[in-house]
Every structure is written in structure tokens, then in C-alpha cells.
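Biologist: I have the sequence and the coordinates open side by side. Could you walk me through them, chain by chain?

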Amino acid sequence: MYHKTIRSRFAAAAFAGASLFASTAAFAGEVTIWCWDPNFNVAIMKEAGERYTAKHPETTFNIVDFAKADVEQKLQTALSSGTTDALPDIVLIEDYGAQKYLQSFPGAFAELSGTVDYSGFAPYKVQLMTVDGKVYGMPFDSGVTGFYYRKDYLEQAGFKPTDVQDITWDRFIEIGKQVEEKTGKKMMGLDITDAGFTRILMQSAGQWYFDADGNLNIENNTALKAALETQQKILQAGIYKPSSGWTEWVGSFTSGDVASVTTGVWITGTVKAQADQAGKWGVAPIPSLGIEGAGHASNLGGSSWYVLESSAEKADAIAFLNETYAKDIDFYQKILTERGAVGSLLAARTGDAYMKADDFFGGETVWQNFSDWLSKVPPVNYGIFTNEVDTAVTAHLPSLAQGAKIDEVLKQIQSQAEGQIQ
Amino acid sequence: MALAKPGGLKRYYDVNGWLFIAPALALIGIFLIYPIFRSLFLSFYSGKGMMLKFAGFGNITRLSNDPVFLKALINTTTFFVIQVPIMIVLALMLASLLNTDKLKFAGFFRTAIFLPCVASLVAYSVLFKSMFSVDGVINQALMAVGLIGTPIGWLTEPFWAKVLVILAITWRWTGYNMIFYLAALQNIDKSIYEAARIDGVPAWARFVHLTIPMLKPVILFTTIISTIGTIQLFDEVYNLTEGKGGPADATITLSLYIYNLTFRFMPSFGYAATISYVIVLMVAVLSFLQFYAARDRS
Amino acid sequence: MRPTPAPSARAWRILPGAATYIALSIAAFVSVFPFIWMLISSTNTSIDIIKGKTSFGDAFSTNVANFFTLVDVPLVFWNSAKVAILTTLLTIAVSSLAGYGFEMFRSKMRDRIYSLVLLTLMVPFAALMIPLFMMMGKAGLINTHIAILLPTIASAFIIFYFRQSTKAFPTELRDAAKVDGLKEWQIFLYIYVPVMRSTFAAAFVIVFMTSWNNYLWPLIVLQSNETKTITLVVSSLASAYYPDFGVVMIGTILATLPTLLVFFIMQRQFVQGMLGSVK
């Protein structure tokens, strides 16, 4: 391990030396990185970059901030056209899409298996960036889910925090009806144009759109069926505030219009950004689907860093990722405290930041809880067609509101998905 | 002049003719014609990303079994069949109103109605999203006047999402078309209208029997341009629905589907290219039909 | 003695007038309202905008300040202006030459080519994206503003517009100039351009707006923050993880201002130019 790192450092130095004579000398030693969330991964990467530059002044960072859809589109355009000089040195990719890129563009991403010690990371993160036994990425954040709820609204409706611990979705709906009756607030915001909520529910019962071998798994997917049934119940109970798209959905809870939100841990920063709501929020494990194999832990999103094979600063970029994301425990404490980022480096969880109570959440040790739930997230195979099937599922969500039969809906999703994945 | 000889004249014509159009032809050749053929070539290939294999007519077979393509095709057709006529009629009526003799504030009205055209597609999509959100100003206004009891899910219900897209495009482009008609109307001799008016021909009849026939070439031109624009509809639906064409694929268009196949899904360049040729074909057929319909009556 | 018009006829003549004003006022209001909404929203906080607040707020200066900290405004404006103005000038130059050429020097061959040029209007940009990007990549032009310019210069629509307008160009002027011994390019430059200046003005307005508002192609070609244009900035602010709608509204105002200005400054010539094109 150590030996390898020395070698890559040496290679980086040699590269930097060689590029002094190249026409692009001005950019030698500058690692360009694409990511998308200014309050989250962009800020975190800036922090990581500063830490690295402090120790290695010859390496500087140019962190470019695009919208997430823009990053994906640019990456796909550049790789498709074979125009690698337009690409950055490091790019952030959402875990759902990792296999798609790795398999569609073989040779585009640098293999890190020889350099990085993957035994220290959450296994599911490593698995999703592995192709033919080779590992290509640097695991970053986890999307472990939590059930964030407004203590004040629930209290008005007569519920204590213990009343929402380890409940089922049926119970959640009952509580939701009470909350609306007593406070006039809806229980949750629901974005009918996004299947994120469906994926949370489905994965909480250990299944995905694909089975372990990557075959389409829709019609006989009991978890997906239960997830859709639950959503139909929510739609019919009317305990939700409809929103279209991400921003409206975020607005539903930041504005205080709804009593709870169930999503990935990365939302913590957004929740906490509403300083006037401090002390009013609590976090519980997500409700369970109540079917066989269903639990209270799931995942939504999460992403990882990838180095481009064509990168002129490849060695430098790899050394940088390895030194910060695979080794720097202190770094993980800082990004957790400041940004709410739950990393997937297991050793980081013994740090003191994970033990601390959070005043915003009324002194709960939320990070300890998330860390605990993370270890319970059922591993699934995201496959290479998650986007396609997700689109098929999204297309059929509105029909749930009109009372469509779930088995029919599953059949339609199956046939649309089959048409898409070839 | 040195052009006395007929051969010299022809030469003069040709040299200048080619020289004047050469820059445009060169650019069109490189940046339009070449990519079109490259796309055609791609449409016979399939595979994941750059792992392309020759597929013959495989992509066409795939088209016929693809429910999303069918939805996109139906949506695109719905949009132009409903939106283009509404917009053209609206634009015509506004133009003839603005052309009223001695109209006060004509400049103000014209400027106001043309104003939407200066809005960038991104900016106006952001605006419309905010105006038509569940709590947005439009729902508030409709509820205040008692037209609706509960908010309309403009972007969460498939039917209303289609309505919103049609409203948005109509808002953005009606003024643009109106300017063409207004310009054409102002070229028409006012005395014809005066004569008709004195003869007691009512306003609607003057509109139908005088205005429309005289504007026929312009109407044909704007109809074709609008049809082409609507068939290629992308920016608006992309920005209104976060690139998804939702809800329930209610607003997905062919161009958006091509974009998704290229940039969001496992990249299927060959298949995407095949669909882009469906658009080319649709536009070609429709333009021909519109020309034909216009020619038939004259 | 002249007969006075019957009262009913007089009413008939007044009523359409009122209806005309009402109809036009409604149309004008609907057209302008989103702009008013944009101004109202720019004075409100993000949460108020999401809640649909319909009155002016007091967050305008905060929103402006936030926008200026988030965005390198002078650079972004310089990028947009550079691209839009260069594109406009080049498009007009190339297309007016072509429009003049196609109309003044007609031949069977060139007429056929002209129909071909018009056919290219039918090709959706989605079909050209990937091949174009590959070409730009090979030429090493990715992430440059030249790459945005090149494919947009030759516009079939503007060529068509110039050719239509050229039909109204008085041929006597050209004949007279020829007798005076002017070369064809001199006729174009010293006679055609000044005579057709409102045509050029209208083309300027149309191309400038299209280019300033161009979204998809710059989105694909421009890779770094240093080259971004204002539309890209607005769209990425709006699709950020935590979009601040107050800031987004400032962005939409700033993105709209230049096209608004161009239109207001050139409005008279624009309308005249359009007049010429549809004769």
C-alpha cells in the first residue's frame, strides 16, 4: 500500500515536471473537479482540496460547480464523442449511474484497486463501482435514510417522539390523518414526478428493480408492490402536499407546510439551514413496509468520486483522493459537523463528531443513529438501467392516485421497462 | 460595360452568385449537412455508449415496440395540432385589432404583446414554474375569483401539465407571429377595408373574407415555422419538468426523449438518431401538406 | 341634405372600438404579467416566493447582494455579450450575403440549392448534437466560445428572411450603380446595406435574442465556470440543490434586460424591417 502511494506520488511529480515543457504548463498541477451541490459536495471538495494543498503546495484545485443534470450530460457527451480533453480530472457520479458509465465507456475511468484500500469502506459502496473485479471509484457519501419530523406539530396532534419510533407506514398514515385534523398541516410533501420515495420504500425491504444478476425484477417484486401500495394509501388518505420537482418538494418542509420528510441523510444541511426551526425537528428510523424482509433502514442517492483515465493530472488526482477520502478521519469529522455528510469510510464513524448530540434536533445523537442505520441498509444491485426503469415507474405514479390496480401498474411498468432496456 | 457578350454575363452571374452564397454554403455544409449524414449513419448502429455494433433496421423494430416513443409521438402531435392553430388564430386576431384605424396606444399594445419574445426560454420556464406551482399566484387568483375550489396541479396532473405547456408556448410565441401579420396587414391598402366597411360588411366577415386570404402566404410561412418549432419542442418542457417530461410522461416530446436517450439513459446514440429522423420525416410531410393545402385553394 | 346615420349604426361603430380596447388590454396584461411577477418576486425571500406571495417585499437588496456573491457578474455578462454580439454580426453578414446572392443571381442550380437550405430548417438540433460535439472535440474547440458560434452562424431562417426582403430592393438602384462602374461587392456594401438598414435592424433583433437566449448547445460545449453564459448561470441556480428563488429571480431579470433593451432601442426599425420581409 505505502509503496504504491510513493510510486504514484513520484509519478505525479514526474508528470508535473514533464508538463512544465508542454504548452499547457499553466495548468500543470491543477486538478479540475466537477460536482454539483455548492452547500454539500462542492464545499466538501473545497475543504478537501485546501487540506491537500496545505501539505502539497504544488497541487492546486479548480472545483467547478454545475447543476447535477449538467454534470451528467457533459460527462456523457464528452465520453460519447471521445473528446476527453474537455473532461475534468475528477468527477462526481451518483451511485445509481455508476455501472452505466463504467460499462458503457470501458477505459474511461482510472482503476483504483491497486492504490486504494477498499476494505475500510462500506461494502455496498465498493460493490457498485466494481466491474470484472476491478474497482474504479473513491466512495464518498452515503444516502442512508431517516424520518425527519416536526416535534412541535406532532405534539399538537398528541404524539410523543416515542410514538414514531419503528412504526409501519400504515401507522404513519393514521398519524398523518390526526396531524392534519389537529394542526391543518399535511404529513409529508410528495413529488409525483420523481420515484425517489418509491426507491426508498423498495430498498427498505431489500429489493431493487433488478435481481442480483441484473435481470429486470418488477412483476414479482414484492417490495416494489408494497411500496406502490403504500403510496396509493398515502395518495388516497390525502395526507400529502403535492409538489412538482425537487425545489417545490424542498420548499414543502423548509417553509413549515408539512410535518415530516423521509429522505437521505444529505438533506440534513437543508433542514438545519432553517435556523428558526431549531429544536423543532426530530429524526427517527423510517417506517417499515411491514412485509417479509422489510426493515427501517434504506438508502437514497449517495455518490462517489471517479478519476478520468485521460486526465493529465491522473496520478495527482488519485493520490489526493486516497490521502483525504480513504485516510483522513479528521476530515470526515469536519464534513459531518459542517455539512452533514455521512461518509462511507467505516473508520470515520468512531470519530468524536459522530458521538456528539445535535442541538438543532433537540440534543439527539442523530449521527450515531444514522451511522447505526447505515450498517443496516440492505445491499441491492443498482444495475445499469436504473434511470430507465425509474422513468417507467415515475410515469405510472399518477395512475396510483386514480385508484389503479397495483398488479396492473406493475405489469405496465414491466412492459415499458422491457422496451427501454436494450 | 464588359458584359456585352452573353457568355460574359453568365460568367459574371455565376462568379458573383457563387461568391455571395459561398460562406453560407460552406458553413451549412460543415455544420448541418455533414452531421445529418453522420446521424443517419449512426441510426443503423446500436449498443451501449461507444460499444456500437451494426444493427441494420434493428432500431426501427425497437421503435415499434417502444411505448415511450409512442407517448412522445402522441404528445408532440397533440402539442402542435392544438397549440399551433390556437396561436395562429390568436395572433391573427390581435394583429387585425392592432391594425384598427386610429387606434390609440397602438405602440403600447404592440410592444406589450411582443414583450414575451424577449424572455429567454430558461427565464420564462423558471417564472412559469413559480407562477403555476400549487401555491402559486395563478392558483391563488383562480381561487379568489371562485373559478376553482382547490388548487390545480399544473405540474402534477398529466392533463394540466399538457395545458400548461400549451399555455407557456402560446404566451411566448403569439406576439412573435403577430408581428409578422401586423407587418403584412400594414402593407395592405386600407381603402379595401374602408370600401367593405361602407358596404356594411361586419368586422368578422372582413376578417374572414379579406384579412385571411390576403395574408395567406404569411400565414402559411408562420404555420410552417411554428409547426417545425413545436415538433422540435425541447427547451420549455425540459425546463418546466426538470428534464423528465412528467408527470406520467404527459409532456415528454420526441426531442426530449432523444435527449434522455443520449444523456440520461444508457446512451443509445443509434436509437436516438433513428428517432431524430422520425422528426425530420414528420416535418417534411407536414410542410408538404401545408404547402399543398395552401396551393390547392388558390 | 345628408342623411344622418341611424342610431343603431352609430352604436355599431362605437361598440367594436370598446371591445377592441378591452381585448387588447387583456392580451397586453397577460403578456406583461409574468414580467411584473418577476419584479415582485425579486423583492421577496425564497420561501415567500414558493408560498406564492403576491406583494412586494423588502429582500431585493439582499437578493442582489447574494447574486453578486454567487456569480461573477461582469465575467458572465462579458461571456454572454461576446457570444451574442459576435454571433449576431457574423450571422447577419453571412446570411445577408447569401440572401442577396440567391435573389440577385438566380439560376436553376442555385434555386435548387436554396430549397435544400430551406429543408435544413426541418432538422431538429437533437439530431446534430452528438456529431457536432465530436467535430468540435476533434478541432480542439470544446470549452471555447468559437464552438458556440460556428454552428449557429449559417441560419436557414435568416437567409430566407434576407432573400424575401431583397425582393423589395429597388433594382434601378443596382442598375444605376453598375452603370457607374461599381463592383458587385461595392453595390452590396455601399447601396444595399444602407438602403436595407431596417431589414438589418430586424435581423439584428431576432438573431441577438436567439443567440443571447441560446441554452442547449452552450450547455453542452462550455465546460468551465469561466466560460459560462448568463442563461447557463440562471438554469444552474434554479436547479441547484438549495435554490434561492430570490437570487434566481435577480438572474432572470439580468438575463432579460439586454434583450429588452435591444428590442426597445431598435423597435421602430424592427417593425419596419419585418414590414419589408413580408411584402
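Biologist: How many helices and strands does chain C have?

Modeller: Bear in mind throughout that this is a predicted model. Chain C has 14 helices and zero strands, and along the sequence this reads as α-α-α-α-α-α-α-α-α-α-α-α-α-α. Its radius of gyration is 24 Å, well over the 19 Å that the globule rule gives for 279 residues, so chain C is more spread out than a compact globule.

Biologist: What box do the C-alpha atoms of chain C fill?

Modeller: Taken along the principal axes, the box is roughly 80 × 70 × 35 Å.

Biologist: And what percentage of chain C is buried?

Modeller: Buried residues make up 49% of the 279 residues in chain C. As for the contacts in chain C with a separation of 6 or more, 77% of them are accounted for by residues 24 or more positions apart.

Biologist: Switching to chain A, which domains is it divided into?

Modeller: Chain A is divided into domain 1, covering 2-142 + 302-350, and domain 2, covering 145-300 + 360-420. The centres of these two domains of chain A, taken over C-alpha atoms, are separated by 30 Å, and the contact takes 22 residues from domain 1 and 18 residues from domain 2.

Biologist: Which helices of chain A supply the domain 1 side of that contact?

Modeller: Helix 4, helix 5 (123-127) and helix 13 (329-339) of chain A each supply at least two residues of the side of domain 1 that touches domain 2, and the largest share, six residues, comes from helix 4 of chain A. By residue class, that side of domain 1 of chain A divides into nine nonpolar, eight polar and five charged residues.

Biologist: There is a sheet in chain A too; what is the strand order?

Modeller: It is an open sheet of five strands in the order 9-8-10-7-11, with mixed pairing. Strand 9 and strand 11 (281-284) of chain A stand at the edges with a single partner strand each, so one side of each is left without a neighbour in the sheet. Neighbouring strands of this sheet are turned by 30° against each other on average, direction ignored.

Biologist: Do strand 7 and strand 11 of chain A pair in the parallel or the antiparallel sense?

Modeller: Strand 7 (residues 145-150) of chain A pairs with strand 11 of chain A in the antiparallel sense, over four bridges, and A:Tyr149 stands opposite A:Gly282 in strand 11 of chain A.

Biologist: How many residues do chain A and chain B each put into their contact?

Modeller: Chain A gives 33 residues and chain B gives 30 residues. On the chain A side, the elements that each supply at least two residues include helix 3 (68-81), helix 4 (95-104), strand 9 (240-243) and helix 10 (246-254). The side of chain A that touches chain B divides into 10 nonpolar, 19 polar and four charged residues.

Biologist: And chain B itself, which domains does it have?

Modeller: Chain B is divided into domain 1 (6-54) and domain 2 (65-297), with 31 Å between their centres, taken over C-alpha atoms. Their contact takes 10 residues from domain 1 of chain B and 10 residues from domain 2 of chain B.

Biologist: What supplies the domain 1 side there?

Modeller: Helix 1 (6-42) and strand 1 (45-46) of chain B each supply at least two residues, and the largest share, three residues, comes from helix 1 of chain B. The residues of that side of domain 1 of chain B divide into five nonpolar, four polar and one charged.

Conventions:
Residues numbered from 1 in each chain as written. Chains lettered and ligands numbered in written order. Predicted model: local features only at pLDDT ≥ 70, side-chain atom pairs only at ≥ 80, totals over all residues. Rg over C-alpha atoms; globule rule 2.2 N^0.38 Å. Buried ≥ 20, exposed ≤ 12 C-beta atoms within 10 Å, placed from the backbone. Contact = placed C-beta atoms within 7 Å. Domains from an automatic or database assignment. Nonpolar A, V, L, I, M, F, W, Y, C, P; charged D, E, K, R; others polar. Pairing = 2+ DSSP bridges. Axes fitted to C-alpha atoms, helices over the stretch in contact; angles between N-to-C directions.
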